[in-house]
Amino acid sequence: MKKKIGFYVLLVSSAFYLGCKKENNATPTTAVSKVRFPAEFEPQESVWMGWPTYENKAGWSVEELHVQIWAALAPNVYLDIAVNPDNPEKGYVYEDQIKRIKELMTKYGVPEAKVRFHKIAHDDVWWRDMGPIYVVNEKKQLEIADFAFNGWGYEADNSDYSLAEEKIDEKVAQEAKLKFNSSSMISEGGNREFNGKGTMIVVEKVEKQRNPKMSKAQMEAEYKRLLGVSHVIWLPYGRYDDDLTFKSKLPNEKGVKEIYTVITTGGHIDEHTRFANPTTILYTEISAEEAKKDPIAAENKRRMDANLAVLKQAKDQDGKAFRLVPMPSAPAILETLKPGDGVYDYLASNDSIKLQNPLPKDQPIKVILASSYLNFLISNKVVIAQKFWKPGAPEAWKKLDEKALNILQATFPDRKVITFDPRAINIGGGGIHCNTQQKPLIKY
């Protein structure tokens, strides 16, 4: 799931795809051994996250939320945390970051023995998309599948930002001395769901936006080569409130287009459709009553109904139908961003947005958060999920939270579902799943 910022990142124009040439220092492997992508619900050695470098909205601490998530994960898995090395130009001091991290670890009870730090330069925290994508070969060895990256379509693929973030998984591979399998195709982890048996689900609109010169057959060939899948299910749409910010504004309740999305991905699958096990798919369901109240919900219902029609006809790698479990749609949460907020400053400076959907100069804007009950992380013995009610919020939100929690707990009976208020992440365009990336546990 997703985004960028870094006030020090040189932003390069073009929202459109300018080609797929990879530019890195590694010697990528072209001949890939037979591999398999382990599903997220399989045993994990660790969960990767990047230490935050900015706040999406001033005063909303992504740092605190990250460490709270570590505390929930640490009893059952290691944490691999990327921390920026010393960089005077960007203001990074490694030891200062470590000091801050350890203060928060003490505050939230995270054992130091379960956290492994890595000096890896990064400007963003959306590890699902730019972090290491692990596959396992026939010798039960880990390898890394590396796709190209263009800042979710907001950047040229050769912009400073795209090139810097695209190198993160390469650095992980070099550090761990893992085989590194590269592709010139652009694709992000937040738009790929796996059942671990050979079936993968993606959103067609997203993959085509990233790779307009490639056919579906060509893209499937790359998924099969790098990820070992044998069967791909293409869903037509992502959520309306996940549309690319430079495309257009979203309507308010009266139908007036005034609401900005927040550096969203254009429709990543982890906001609305997820595998719970090899045969079960959780999906977002929107009622006719919800659709009548809100034009955003109405468009989401149209899109999710179209996706459901595909899922009802879909078969797995063995030709069997899936068990489909509906999940409620999360509340639509509106907020205000202003100059000085990380997301606002990126939106105001991005050339794609300035050309196609510019912000009013130096004025606050109304935004919709990337809220979803499907953007959860599955890990050992736990599911780290999102909740949205807090004192002062509508009571209807509490009922939605409870409904989502009950469905998740029933779907994952052997795991404890732990929920967090994810607003500090959501206002950057993604969720908890977007900020994390699992490393499989290899059993010999």
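## Aromatic pairs

The structure holds 10 aromatic pairs, where the rings of Phe, Tyr and Trp (its six-membered ring) pair if their centres lie within 6.5 Å, and planes under 30 degrees apart count as stacked, over 60 as edge-to-face and the rest as tilted. F149 and Y161 form one that is tilted, with 6.3 Å from centre to centre and 50° between the planes. Because F149 lies in the loop between β6 (142-148) and α4 (160-166) while Y161 lies in helix α4, this pair ties together parts that are 12 residues apart in sequence. Helices (H or I, at least four residues) and strands (E, at least two) are DSSP runs, numbered from the N terminus.

This is a predicted model, in which local features need pLDDT of at least 70 and side-chain atom pairs count only at pLDDT 80 or more, whereas totals for chains, interfaces and linings use all residues. Residues are numbered from 1 along each chain as its sequence is written, and side-chain values use heavy atoms, with hydrogens and water left out.

## An open sheet and its helices

Four strands form an open sheet in the order β1-β5-β6-β7, with mixed pairing; two strands pair if DSSP finds at least two bridges between them. The edge strands, each of which pairs on one side only, are β1 (35-36) and β7 (179-186). Five bridges join β6 and β7 in the parallel sense, and D146 stands opposite S182 in β7.

Helix α5 (residues 168-176) packs on this sheet, where α5 touches β5 (133-137), β6 and β7, and its direction makes about 160° with that of β6. Helix α7 (residues 216-227) also packs on the sheet, touching β1, β5, β6 and β7, and its direction makes about 170° with that of β7. Contact here means heavy atoms within 4.5 Å, and axes are lines fitted to C-alpha atoms, for helices over the stretch in contact, with angles running from 0 to 180 degrees between N-to-C directions.

## Strand β17 and its partners

Strand β17 (residues 365-368) runs parallel to strand β12 (residues 257-260), to which two bridges join it, and I259 stands opposite K366 in β17. Strand β16 (residues 334-337) runs antiparallel to β17 and is joined to it by four bridges, with T336 standing opposite K366.

## Helices α1 and α2

The axes of helix α1 (residues 62-73) and helix α2 (residues 94-108) come within 9 Å and cross at roughly 55°. In α1, E63, E64, V67, Q68, W70 and A71 meet R100, I101, L104, M105, K107 and Y108 in α2.
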